[in-house]
Amino acid sequence: MTLLSISNLNVSITQPDGSVAHILHDVSVGVDRGEVLGIVGESGSGKTMLLRSLMKILPPRAVATMDALTFDDRDALATFERERLPLSMVFQDPLTSFNPLRKIGGHLTEVVKRFQAVSGGAARVRAAAALDQVGIPHPKRVLGQYPHELSGGMRQRVMIAMALLSEPEVLVADEPTTALDATIQAQILSLLSSLRESRGLTIIVVTHDLGVVAALCDRVVVMKDGRVVETGPVEQVFADPQNAYTKSLLASIPHVDGLETELSAGSDAFSAGSDEFSAGSDEEVRDV
Ligand SMILES: Nc1ncnc2c1ncn2[C@@H]1O[C@H](COP(=O)(O)OP(=O)(O)OP(=O)(O)O)[C@@H](O)[C@H]1O
Ligand SMILES: [Mg+2]
């Protein structure tokens with residue numbers, strides 16, 4: 001069942017010189033409830049703009065139009081002007097998304113208080129529980145730390161915890177693992193996958209890594225020059241890409257002779273990552 005769908009999204013931005021840049025052209029995407037949708041495409045193809053359109057955080061002077069927007073089988077277009085969709089976003093580099101002078105506890109309790117009328121103490125309990133849910137050991141201690149005191153993987157977990165505190169129906173993640181090294185990447189992917197299982201969370205993830213798509217996603221959207229050039233179930237698109245650009249993307253993966261090699265390599269790496277999950281987080285605690 002389609003949870004969120006957007007039809008013929010067009011985004012243009014008026015440049016300082018008055019000219020208009022067309023960023024997205026008739027982009028249509030849909031995601032089913034509980035599904036992980038991957039968005040891939042070269043740099044500048046409009047992946048982030050698509051997410052920012054859904055989140056209503058487009059840059060100034062950007063104008064978005066669409067033919068239809070539905071959420072949970074209801075028309076959401078009429079209300080989209082004044083109401084956000086129940087989406088939360090995780091960014092590539094959590095360090096720049098945090099106020100460096102504010103402790104983790106301050107960031108998290110602010111979100112809690114935005115959604116619930118609770119005391120400071122209750123908000124901290126809720127914040128610690130959220131950190132625990134994303135696999136952060138010693139959550140109370142972490143609440144008292146500053147963003148720069150945490151490792152990159154831990155910061156990304158905090159970012160995910162923060163996103164989840166607003167109880168979104170869809171988690172939107174823009175290159176959530178790009179800034180992390182391979183082992184930590186696998187752990188964050190494993191976390192996203194387990195959140196999808198345990199909470200029935202729907203996830204839209206932007207990545208340039210086709211291994212991530214193979215390991216995590218059910219369906220994939222391929223973008224180029226602000227357009228969707230191909231979309232479909234991951235296995236189908238990987239096995240039988242229709243678009244020349246998709247074919248070239250898949251051909252650029254090293255050591256891949258065909259779909260089976262890629263998909264099994266992807267999932268093996270992925271489960272190895274999950275096995276190391278707890279060991280890895282212990283290790284990370286030592287360096288925070
Ligand atoms: N504030 C802005 N003003 C004008 N053009 C912009 C602005 N932000 C992005 N763009 C342009 O919009 C296009 C799409 O950018 P976007 O950031 O969505 O690409 P992307 O697919 O996310 O790329 P990357 O993989 O590098 O993150 C690019 O051509 C970019 O130059
Ligand atoms: Mg981007």
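**Entry 1: the ligand shell**

I began with ligand 1 and listed the residues around it, which are Ile13, Gln15, Ile23, Glu42, Ser43, Gly44, Ser45, Gly46, Lys47, Thr48, Met49 and Pro59, where a residue is near a molecule if one of its heavy atoms lies within 4 Å of it. This is a predicted model, in which local features need pLDDT of at least 70 and side-chain atom pairs count only at pLDDT 80 or more, while totals for chains, interfaces and linings use all residues. Residues are numbered from 1 along each chain as its sequence is written, chains are lettered from A and ligands numbered from 1 in the order in which they are written, and side-chain values use heavy atoms, with hydrogens and water left out.

I then sorted the shell by residue class and noted four nonpolar, six polar and two charged residues; here Ala, Val, Leu, Ile, Met, Phe, Trp, Tyr, Cys and Pro count as nonpolar, Asp, Glu, Lys and Arg as charged, and the others, Gly among them, as polar. The element that gives the most to this shell is helix α1 (residues 47-55), with three residues; helices are DSSP runs of H or I with at least four residues, strands are runs of E with at least two, and both are numbered from the N terminus.

**Entry 2: polar atoms at the ligand**

A polar side-chain atom of Lys47 lies 2.8 Å from an oxygen atom of the ligand, and a side-chain N or O atom of Thr48 is 2.8 Å from an oxygen atom of the ligand. The protein covers 61% of the 640 Å² of accessible area that ligand 1 has on its own, with areas taken from the Shrake-Rupley method with a 1.4 Å probe.

**Entry 3: helix α1 and its end**

I went along α1 and found it mostly covered, with seven of its nine residues buried, where buried means under 20% relative accessible area, exposed over 50%, and partly exposed in between, with a 1.4 Å probe and protein chains only. The buried residues in α1 are Lys47, Met49, Leu50, Leu51, Ser53, Leu54 and Met55. Just after α1, Lys56 takes a positive phi of about 60°, and Lys56 also lies over the face of Phe80, at 5.2 Å from the ring centre. I took a charge to sit over a ring if NZ of Lys or CZ of Arg is within 6 Å of the ring centre and within 35 degrees of the ring normal. Lys224 is placed over the face of Tyr245 in this sense, at 5.6 Å from the ring centre.

**Entry 4: positive phi elsewhere**

Most residues other than glycine have a negative phi, and I therefore noted the exceptions. Asn8, in strand β1 (residues 2-14), has a positive phi near 50° and is partly exposed, with a relative accessible area of 26%. Glu175 has a positive phi of about 50° although it is not a glycine; Glu175 sits in the loop between β8 (170-174) and α8 (182-199), and counts as buried at 10% relative accessibility.

**Entry 5: single residues, with their partners**

I checked Ser88 in strand β7 (residues 87-90), and Ser88 is buried, with a relative accessible area of 9%. Its side chain makes a polar contact with the side chain of Ser166, at 2.6 Å; such a contact is a pair of N or O atoms within 3.5 Å, and within protein one must be able to donate a hydrogen and the other to accept it, residues adjacent in sequence counting only if both atoms are side-chain atoms.

Ile253 lies in the loop between α11 (244-251) and α12 (259-275) and counts as buried at 16% relative accessibility. Ile253 and Asp209 are 44 residues apart in sequence, and 9.2 Å apart from C-alpha to C-alpha.

Val125, in helix α5 (residues 120-133), is exposed at 58% relative accessible area, and its C-alpha atom is 8.5 Å from that of Lys140, 15 residues apart along the chain. His22, in strand β2 (residues 20-32), counts as exposed at 55% relative accessibility, and the C-alpha atoms of His22 and Asn10, twelve residues apart along the chain, are separated by 7.7 Å.
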